[in-house]
Amino acid sequence: MALSDPVVTVLLCMAAYLAGSVLFALPVCQLLGLPDPRAQGSGNPGATNVYRTGGWLPALLTLALDAAKGWLPVWLAHHAGLSPMVQAMVALCAVTGHMIPAFYRFKGGKGVATALGAGLALAPVTTLAMAALWLLVLWRWRISALASVIAIISGPAISAFIEPENLPLFGLLAILIVVRHRNNLIRLAQGRETGL
């Protein structure tokens, strides 16, 4: 018997949260014999701190895996025929899982890579424009937190012009991710934020 849309929605939201709760920076560093990335920089278990401990290869692997856990649940929701609103809910659950992970005492990361993956599944044009802006800011200033904040706060404006049906999602993501970067923003204002 086919599952109803509400049941599929709940299952996918739960699966997205649990997938988001896997902080891939930690197993990547363990497998490669690298130090715990939470002991670096801002203490964030993400690709930037993995880069600081092991260079580009483990950082890109972490980025790809953290993005994939955001992309896959949204892709499944899309192919299950669920509405864009439900797909956005699934995306938010994946990002929330990364930020408040069930498997790590609810102490997680900033959610940027997971948001990237979810955004690529749901709103690829907007997300690619944001990613291009992230790369530009990173190239110019070499500060990942600054690039992430500028890219994410640009999301609602870019979405409003390109994919307006996803504007609420990008608005919520901007709030969540900027709040998670509050300590970085304080350090930026004080001139103490470290670059790559």
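Start by selecting E193 and R187. Their side chains meet in a salt bridge, with N and O 2.8 Å apart. Both E193 and R187 are buried. Keep in mind that this is a predicted model.

**The other salt bridges**

The structure holds three salt bridges. Go next to R38 and D36. Here too the side chains form a salt bridge, at 2.8 Å from N to O. Colour the pair by accessibility. R38 has a relative accessible area of 39%, so this residue is partly exposed. D36 is partly exposed because its relative accessibility is 33%.

Now select K69 and D66. The closest N and O atoms of this salt bridge are 3.2 Å apart. Both residues lie in helix α4, three residues apart, which is about one turn of the helix. Is K69 buried or exposed? K69 counts as buried, because its relative accessibility is 5%. D66 has a relative accessible area of 2%, so D66 is buried as well. The cut-off for buried is under 20% relative accessible area.

**Around D66**

Stay on D66 in helix α4. Show its neighbours, leaving out residues up to four places away in sequence. Which residues does D66 touch? The contacts are V22, L23, F24, H98, A113 and T114.

Select helix α4, residues 56-79. Then pick W71, L72, W75, L76, L120 and L128. Together these six make a nonpolar surface patch of about 520 Å². Which helix gives the most to the nonpolar patch? Helix α4 does, with four residues.

Zoom in on L76, which sits in helix α4. L76 has a relative accessible area of 37%, so L76 is partly exposed. Patch residues need over 30% relative accessible area.

**The largest pocket**

The largest pocket holds about 770 Å³ of space. How many residues line the largest pocket? The lining has 42 residues. Select V112, A113, W134, S144 and S148 to find the ones nearest the pocket centre.

Next, show the helices around the pocket.

- α3 (47-54) and α4
- α6 (112-122) and α7 (124-141)
- α8 (144-162) and α9 (167-180)

**Helix α3 and its end**

Move to α3. Its buried residues are N49, V50, Y51 and T53. What covers the buried residues of α3? The cover includes α2 (25-31) and α4. Step just past α3 to G55. There the backbone takes a positive phi of about 95°.

**Last stop: M89**

Finish in helix α5, residues 84-99, where M89 is found. M89 is partly exposed, because its relative accessible area is 36%. M89 and L12 are 77 residues apart in sequence, and their C-alpha atoms are 9.4 Å apart in space. Now show the contacts of M89, again leaving out residues up to four places away in sequence. M89 touches T9 and C13.

Key: Residues are numbered from 1 along each chain as its sequence is written. This is a predicted model: local features need pLDDT of at least 70, side-chain atom pairs count only at pLDDT 80 or more; totals for chains, interfaces and linings use all residues. Side-chain values use heavy atoms; hydrogens and water are left out. Patches are made of residues with over 30% relative accessible area and no salt bridge: like charges are joined within 9 Å, nonpolar side chains (Val, Leu, Ile, Met, Phe, Trp, Tyr) within 5 Å. Accessible areas come from the Shrake-Rupley method with a 1.4 Å probe; for residues, only the protein chains shown count as cover. A salt bridge is a side-chain nitrogen of Lys or Arg within 4 Å of a carboxyl oxygen of Asp or Glu. Helices (H or I, at least four residues) and strands (E, at least two) are DSSP runs, numbered from the N terminus. Buried means under 20% relative accessible area, exposed over 50%, partly exposed in between (1.4 Å probe, protein chains only). Contact means heavy atoms within 4.5 Å. On a 1 Å grid over the protein atoms alone, a cavity is a set of points where a 1.4 Å probe fits but cannot get out, and a pocket is an open set with protein on both sides within 12 Å along at least five of seven lines; lining residues have an atom within 4 Å of a point. Grid points are joined across faces, edges and corners, and a volume is the space filled by probe spheres set on the points.
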